[in-house]
Amino acid sequence: LASGQIVERLDTKGEPAQAVAFTPDGPVVVTDRRGKLQVWDVAKGRQRFAISTIANPAEVRFDAHGTRLIVGLGGSVAVGYALAKQQQHEVHLYDTKRGQLLQALKGLEREISDADLSTDGTRLAVISYQRLSVFDLKTGAILRTLPIYPRSPVSVAFHPGGHEVTVGGQPMNSTPPALVTYDAVALKATQ
């Protein structure tokens, strides 16, 4: 940033970069509007693999080790280049070496704005509309869903110890923005 010079440019073949995420070893994920994720090796300047999804990705990030790719599907289902009326609100976890789907987490009713894995990799916190849901990744089941109102949650992060999860929200109905921390096991507000 100091020099303002471009260090690397990856050709996304004219598709807009909807989300970008880095692993500890450097690859970047670029998503497009047509439900295709491209995982790039930045050092080599080439695509590692691509993943086609049937819904538009709303959230993309890697786990702390760079071995799993978390993809929140929150838009309309893509049918060719047209959008169908059907909605798919799921979180998919992919293996980052082969691009294989490891797990599809279902049960969310609305669009996804953020997701975060616990440090130990056993739970996933997801913000879906005005709800915080925590998934058990061993079973794929939702452990608990908590309505978060009157603030509209937009971001979520697990504490490094994994016992708490913090949610950031936008003001709604004249309420101030806030950060609220929950006990990740019981999902009760602690602050």
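How many bridges join strand S15 (residues 164-170) to S16? Six bridges join these two strands, which run antiparallel. The model is predicted, so local features require pLDDT of at least 70 and side-chain atom pairs pLDDT 80 or more, whereas totals for chains, interfaces and linings use all residues. Residues are numbered from 1 along each chain as its sequence is written, and side-chain values use heavy atoms, without hydrogens and water.

- Strands (DSSP runs of E, at least two residues, numbered from the N terminus) form an open antiparallel sheet in the order S14-S15-S16.
- Strands S14 (152-158) and S16 (178-183) each have a single partner strand, so one side of each lacks a neighbour in the sheet; pairing requires at least two bridges found by DSSP.
- The twist averages 25° from one strand to the next, with axes being lines fitted to C-alpha atoms and angles running from 0 to 180 degrees between N-to-C directions.
- Glu164 stands opposite Asp183 in S16.

**Four-stranded sheet**
- A further open sheet has the order S10-S11-S12-S13, with antiparallel pairing.
- Its edges are S10 (112-117) and S13 (142-147); each has a single partner strand, so one side of each is left without a neighbour.
- S11 and S12 pair in the antiparallel sense over six bridges, and Ser128 has Arg131 in S12 as its bridge partner.

**Nonpolar core**
- The largest nonpolar core has 13 residues; such a core joins buried (under 20% relative accessible area, 1.4 Å probe, protein chains only) Ala, Val, Leu, Ile, Met, Phe, Trp, Tyr and Cys residues through side-chain atoms within 4.5 Å.
- Residues with the most contacts inside this core include Ala125, Leu132, Val156, Val165, Val167 and Tyr182.
- S11 (123-128), S12 (131-136), S14, S15 and S16 each give two or more residues to this core.

Methods
Buried < 20%, exposed > 50% of the residue type's maximum accessible area, 1.4 Å probe, protein only.
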